[in-house]
Amino acid sequence: WDEVTTKFVSIDEILKSVGSAAEFRRMKKNILGRSVTEIRSLSGSAVALYAAQAVLECVGAHIFACAEKDAAAYLMNDFYALLGEESVMFFPAGYKRSVQFGQQDASGQVQRTVALNALRGFGVETPDRKRGEKKEYLIICTYPEAIAEKVADAEELEKRTLGIGTGEKISMGFLSDALDEFGFTRVDFVHEPGQYSMRGGIFDIFSFAENKPYRLDFFGDEVESIRRFDVASQLSTERMERIEVVPDLKAAVGAGRSVSLAQFATDATWWADDMDHILRRVDDIRRKMLAEAPEPREVDNLVSSRKQIIEGVKGHALMLRRDNVRELPAAEKVEFNTSPQPSFNKQYALLAQDIHDHAEQGYRTYILSENKAQVERLENIFGAEGFPK
């Protein structure tokens, strides 16, 4: 809703207006040119707003490295509101707090695997996208403790991925043996990633790269149908033509078949709030683990270093909110003209006056809301304060 014309507008219209700004066009040019750029004076959610339009116009994988976990989660929610949830992912640490303390987090491991699998298969035909329906962009939000952990390299991930399609000939016994080798556990009923079950001609699998399990119906040794299903209700949610089953990748990482996230994401655009802080945090975790580890090689298998991350992002487009990395100096600076929102402390008269004053200066004010009822409530409040709709 905007104060000048008093009409409802879509997120798409707001994003298009962002895309017409001169600062945005310079930023886009630098992304496409794979340069290191400092983007300055972006306040609050203006980062997500400009970045969302950049993602739409500069298709590809985009990794947003925030200074801390909460900031990454907030940014992800901004992208959910602007672009939807399908192509926006969270990449957390696979351990509680960090790898330094050794307490594994099963949920974090699954989210990491989902994001890595999406990066590996980005821009190509997958089980979820038929030919001609390739995903145009992918957003991954992360933070230092998650970036510090190494990941299985693309070749190892490919080797540990089991593809199954409808109509294929494969025995249930062979599939069971393959899953056992990948570290899956056989149970009566699957309820979490890493499990599978067999009942008559039904074979259930819960991949580490999915939030719902698969149900395969066999007719002899032929896969007759594949469906996703809900664990609680056991009801199918959608049919699939082909699936990819991914195991827990901790074993591959621990065995040394690992790389940094920057080395894995070979063609991604990187965005960083404070790159030097991220790199210092990664090296801090690495130093503390090396000081306590009996075998330094084990630490090197698990944790990245500043040098490895820098080598991984070199040659990529890198958008820095602070130009503070000596190894990656910004080639150009783009200055945006945004400032933090004033604090109105629920004093609607002050908010209405601020909107009115800016309108007289030629500004257009947009109020973003989850539903129209909230905007209508504000309109009524402003009317009661003596400001016209």
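I started at Asn345, which is exposed, with a relative accessible area of 59%. For this I used the following classes: buried is under 20% relative accessible area, exposed over 50%, and partly exposed in between, with a 1.4 Å probe and protein chains only. Asn345 lies in the loop between strand E17 (332–335) and helix H14 (348–360). Helices (H or I, at least four residues) and strands (E, at least two) are DSSP runs, numbered from the N terminus. I looked up phi of Asn345 and found a value near 50 degrees, positive in a residue other than glycine. Most residues other than glycine have a negative phi.

I then turned to Gln234, where phi is near 65 degrees, again a positive value in a residue other than glycine. Gln234 sits in the loop between strand E11 (222–229) and strand E12 (236–240). With a relative accessible area of 27%, Gln234 is partly exposed.

**Basis and confidence**

I note that this is a predicted model, in which local features need pLDDT of at least 70 and side-chain atom pairs count only at pLDDT 80 or more, while totals for chains, interfaces and linings use all residues. Residues are numbered from 1 along each chain as its sequence is written, and side-chain values use heavy atoms, with hydrogens and water left out.

I checked pLDDT, the predictor's confidence in each residue, from 0 to 100. The chain has a mean pLDDT of 88, and 93% of its residues reach 70 or more. Over residues 124–134 the pLDDT is below 50, and this stretch has 15 contacts in the model beyond near neighbours in sequence. A contact means heavy atoms within 4.5 Å. Where pLDDT is low, the predicted coordinates should not be read in detail.

**The chain as a whole**

Of its 389 residues, 48% count as buried. The C-alpha atoms fill a box of roughly 75 × 50 × 35 Å, taken along the principal axes. Among contacts between residues at least 6 apart in sequence, 69% join residues at least 24 apart.

**Strand E4**

I looked at strand E4 (residues 137–142) next. Six of its six residues are buried, so E4 is largely enclosed by the rest of the structure. Tyr137, Ile139 and Cys141 are buried on one side, and Leu138, Ile140 and Thr142 on the other, so that both faces are covered.

For the neighbours of E4 I took two strands to pair if DSSP finds at least two bridges between them. Strand E2 (residues 60–65) pairs with E4 in the parallel sense over six bridges. Phe64 has Cys141 as its bridge partner in E4. Strand E3 (residues 88–90) also pairs with E4 in the parallel sense, over three bridges. Here Met89 has Ile140 as its bridge partner.

**Phe64 and Trp271**

I followed Phe64 to its aromatic partner. Rings of Phe, Tyr and Trp (its six-membered ring) pair if their centres lie within 6.5 Å; planes under 30 degrees apart count as stacked, over 60 as edge-to-face and the rest as tilted. By this rule the count comes to seven aromatic pairs. The ring centres of Phe64 and Trp271 are 5.1 Å apart and their planes are at 20 degrees, so this pair is stacked. The pair links distant parts of the chain: Phe64 is in strand E2 and Trp271 in strand E15 (residues 268–272), 207 residues apart. Phe64 counts as buried at 2% relative accessibility, and Trp271 is buried with a relative accessible area of 4%. Phe64, Phe79 and Trp271 form one aromatic cluster.

**Val151**

I found Val151 in strand E5 (residues 151–152). At 1% relative accessibility, Val151 counts as buried. Val151 and Phe264 are 113 residues apart in sequence but 7.7 Å apart in space, C-alpha to C-alpha. Leaving aside neighbours within four places in sequence, the contacts of Val151 include Phe91, Arg112, Leu116, Val253 and Phe264.

I traced an open sheet of six strands in the order E7-E8-E9-E10-E11-E12, with mixed pairing. Its edge strands are E7 (185–186) and E12, each pairing on one side only. Strand E9 (residues 202–206) and strand E10 (residues 214–219) run antiparallel and are joined by four bridges. Asp204 stands opposite Arg215 in E10. The charged end of Arg215 sits over the ring of Phe229, 4.0 Å from its centre; the rule asks for NZ of Lys or CZ of Arg within 6 Å of the ring centre and within 35 degrees of the ring normal.
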